[in-house]
Amino acid sequence: MNITIPQTDVTIAEYYARLQTLADQGEEPALLDPLQVAMNYISNDIGMGQHVKLDQLVVDNEATADDFAITPESILMGYVFNLSLENHSFDFDNIEWLTMEDSARFKGLNINPDEDMPNGFYILNKYTYTDPLEVTEDTRYSIVDANAGALKEVSKQEFIEYFKRYTDFVPPCVITKKDGYVTSIAEKYMP
């Protein structure tokens, strides 16, 4: 299956010419800011619930062609299901972790921070579907050490055993991916 991004009924050249005209006429000023364009692309075109904030993006005007050969590292947050010692794949349900810094989005999402954020965060999981992800022998696993107030690296088996104790609610994890494989899975601290 070949999916063209952006999906449009006109040619790509016509689509971008129209965007340029809107920007030139001042109707879409965000199109003139590379960070806002990147944020919009990641959030709306890549899909899978990926969201970034402007302060997470950096414009690198000094980039060379060789820089584009370096594969990026992706950081996702969500729920880990079906992780086992016998299998290298597991199911991942992506979420968005919202804090007061995201207050501009609250109205559109019908979030009342006084009622919906007693601990200072809100977990947005609009679409509950899972994606298969793969670990390797080198994947690192970390859990929250309540006594130390920090993450503690553990074995895959210890990680699986630790998460078995949760029955009603499983804490989210921060997943780091590179070159198509999960390099680390770390429990997200829940205040």
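A salt bridge here is a side-chain nitrogen of Lys or Arg within 4 Å of a carboxyl oxygen of Asp or Glu. One thing to keep in mind is that this is a predicted model, so local features need pLDDT of at least 70 and side-chain atom pairs count only at pLDDT 80 or more, while totals for chains, interfaces and linings use all residues. Residues are numbered from 1 along each chain as its sequence is written, and side-chain values use heavy atoms, with hydrogens and water left out.

**Salt bridges**

Side chains of opposite charge can pair when their charged atoms come close. By the rule above, the count is two salt bridges. Here they are:

| Pair | Closest N and O atoms |
|---|---|
| E96 and R105 | 2.3 Å |
| E161 and K164 | 3.3 Å |

How exposed are the partners? Buried means under 20% relative accessible area, exposed means over 50%, and partly exposed is in between (1.4 Å probe, protein chains only).

**The overall build**

Helices (H or I, at least four residues) and strands (E, at least two) are DSSP runs, numbered from the N terminus. The protein chain has five helices and eight strands, and along the sequence they come in the order α-α-β-β-β-α-α-β-β-β-α-β-β. Its C-alpha atoms fill a box of roughly 60 × 45 × 35 Å along the principal axes. Of the 191 residues, 29% count as buried.

Contact means heavy atoms within 4.5 Å. Among contacts between residues at least 6 apart in sequence, 52% join residues at least 24 apart.

The accessible surface comes to about 13,200 Å², and 50% of that belongs to carbon and sulfur atoms. These areas come from the Shrake-Rupley method with a 1.4 Å probe, and for residues only the protein chains shown count as cover.

**Charge, and a negative patch**

Lys and Arg count as positive and Asp and Glu as negative, with His and the chain ends not counted. On that basis there are 13 positive and 33 negative side chains, and the centres of the two sets lie 6 Å apart. The place of each charge is taken as NZ of Lys, CZ of Arg, CG of Asp or CD of Glu.

Which residues form the negative surface patch? They are D60, E62, D66 and D67. Patches are made of residues with over 30% relative accessible area and no salt bridge, joining like charges within 9 Å, or nonpolar side chains (Val, Leu, Ile, Met, Phe, Trp, Tyr) within 5 Å. D67 is partly exposed, with a relative accessible area of 35%, and is found in the loop between helix 2 (34-46) and strand 1 (73-81).

**Two loop residues**

I70 is in the loop between helix 2 and strand 1, and I70 is exposed at 58%. The C-alpha atoms of I70 and D179 are separated by 9.8 Å, although these residues are 109 apart along the chain.

D102 is in the loop between strand 3 (96-98) and helix 3 (106-109). D102 is buried, with 8% relative accessibility. Neighbours within four places in sequence aside, D102 is in contact with K53 and W97.
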